[in-house]
Amino acid sequence: MNVFRRRTPGRSTLLSCLFILCMALIIASCESDKLSPTASEDEDLSRVASKLQEAGFDTSEGFRKFEDGYLVEYDMFLTEDMIDDLVESSKAPSASGREEHYRTNQLVIGTPRTLQIYMDAGFGSYMQSSFDAALARYNAQNLGLTFQRTTNSAAADISILSFYEVSNTLGFSAGFPTNGNPASPIRLNTYYYNNTSTRADATTVIAHEIGHAIGFRHTDYMNRAFSCGSGGNEGDAGVGANHIPGTPTAPSANSWMLACSNGTDRPFTSEDVTALTTVYPSRNIPAGTSAVYRYYSGSARDHFYTTNWGELGAGKDGYVLEGIAIFANTTQVAGSVPVYRYYSGNASDHFYTTSWSELGAGKDGYTYEGIAFYAFTSQVSGTAPVYRYYSGSDSDHFYTTNWAELGSGGSGYTYEGVGFYGYP
Ligand SMILES: [Zn+2]
């Protein structure tokens with residue numbers, strides 16, 4: 001889960017924001033209690049903090065126990081099971097950076113896809129219309145995800161519910177996508193968002209929590225002073241935060257995914273739009289193709305690709321579903337060639353090639369497992385290069401259409417050239 005937080009009052013805040021708003025902030029701060037944790041709670045917190053740091057989270061602030069889990073980076077609610085999954089998936093190679101737009105390793109898959117979103121009927125008309133505005137904001141971007149309001153909570157992909165707490169927390173979401181589905185529920189603090197409130201940041205806060213639910217992290221997650229007015233301890237940029245290509249290297253002003261609200265509305269900036277359309281492009285899937293699902297096992301240090309959902313589904317046997325690598329034909333079409341699939345148990349490595357001469361019917365410990373799918377050896381309309389990498393230390397072959405993940409090599413991986421061309 002993810003939690004969105006009020007900006008903590010600081011000198012610059014006091015100077016720049018409305019007097020009434022600041023009064024509310026100060027009151028909220030003064031009323032928040034800090035109970036002293038017991039020794040065993042301390043131990044739990046430091047143990048969980050270590051795991052989060054391993055997964056690339058900064059726990060120097062905005063980290064606390066909440067109900068049956070933990071609030072991380074202010075407004076992400078994670079149970080310990082979810083944190084364990086994040087540690088596992090963080091072992092995948094990925095690009096990292098700072099102060100840019102970020103996404104997690106977990107995304108909603110199966111696009112184009114319509115998500116049903118429910119908001120508790122207990123919220124008044126102002127919040128209901130803010131909810132509609134937040135969905136419209138996403139739908140205006142023509143993404144691979146379409147957001148649709150539903151009144152049927154049981155059928156909802158994301159539910160927006162309430163909680164009450166006298167604190168700086170405006171709301172939070174239920175972590176990151178799991179099994180290719182968005183996180184749910186989002187919970188909004190009725191201390192701020194109740195039937196009489198008309199806060200200007202309501203639409204932004206709803207859009208922000210939906211952003212977490214579909215896999216976005218805080219734009220300024222490594223330098224929260226940018227929006228929060230304090231903090232900004234620069235931890236080691238983690239692999240759980242993947243920089244989105246095309247977004248800037250400077251802190252992204254007014255982004256909807258800044259960690260702290262300043263009480264104003266923040267519609268998508270052009271940089272936000274780049275992030276959204278890069279992560280969830282409107283996909284025109286070529287007729288007759290199937291999704292090639294990408295998985296990674298941190299324990300086996302192995303990337304695995306298959307068009308057969310039945311093999312690992314939403315992930316199993318230590319393999320985490322990372323999304324759709326490409327779309328590909330499962331029967332041969334004009335101009336396409338087979339992509340041969342091999343596996344070495346000794347190396348814990350799946351290997352894919354269009355060149356039969358590399359391993360033929362199998363050698364060097366690799367067993368031939370059959371034709372994975374069909375691809376192209378030169379670029380045809382609608383296809384993109386699938387870059388091939390190899391890590392000798394991990395004995396892992398890795399394939400991606402996203403040059404920004406490893407570029408000319410990194411994280412122990414050597415670039416081996418274009419493996420083939422497929423539909424991105
Ligand atoms: Zn947040």
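**Note on the predicted model**

1. Pro-185 sits in the loop between strand S9 (169-173) and strand S10 (186-189); helices (H or I, at least four residues) and strands (E, at least two) are DSSP runs, numbered from the N terminus. The peptide bond that joins Ser-184 and Pro-185 is cis, with omega about 0°.

2. This is a predicted model, in which local features need pLDDT of at least 70 and side-chain atom pairs count only at pLDDT 80 or more, while totals for chains, interfaces and linings use all residues. Residues are numbered from 1 along each chain as its sequence is written.

3. The protein chain holds eleven helices and 22 strands. Of its 424 residues, 47% are buried (20 or more other C-beta atoms within 10 Å of the residue's own; exposed is 12 or fewer, partly exposed in between; C-beta atoms are placed from the backbone).

4. Two non-glycine residues deserve a look. Glu-67, in the loop between strand S2 (64-66) and strand S3 (69-72), has a positive phi of about 45°. Glu-67 has 11 other C-beta atoms within 10 Å and is therefore exposed. Tyr-74, in the loop between S3 and strand S4 (75-78), has a positive phi of about 75°. Tyr-74 is buried, because 26 other C-beta atoms lie within 10 Å. Most residues other than glycine have a negative phi, and most peptide bonds are trans.

5. Helix H5 (residues 125-139) and helix H6 (residues 202-213) have axes that come within 8 Å and cross at roughly 55°; axes are lines fitted to C-alpha atoms, for helices over the stretch in contact, and angles run from 0 to 180 degrees between N-to-C directions. H5 and H6 are therefore oblique to each other (under 35 degrees is roughly parallel, over 145 roughly antiparallel, 65 to 115 roughly perpendicular, the rest oblique). The contact involves, among others, Phe-131 and Arg-137 of H5 and Ile-206 and Ile-210 of H6; two residues are in contact if their C-beta atoms, placed from the backbone, lie within 7 Å.

6. S21 runs antiparallel to strand S22 (residues 413-422) and is joined to it by two bridges. Gly-410 stands opposite Tyr-413 in S22.

How values were computed:
Two strands pair if DSSP finds at least two bridges between them.
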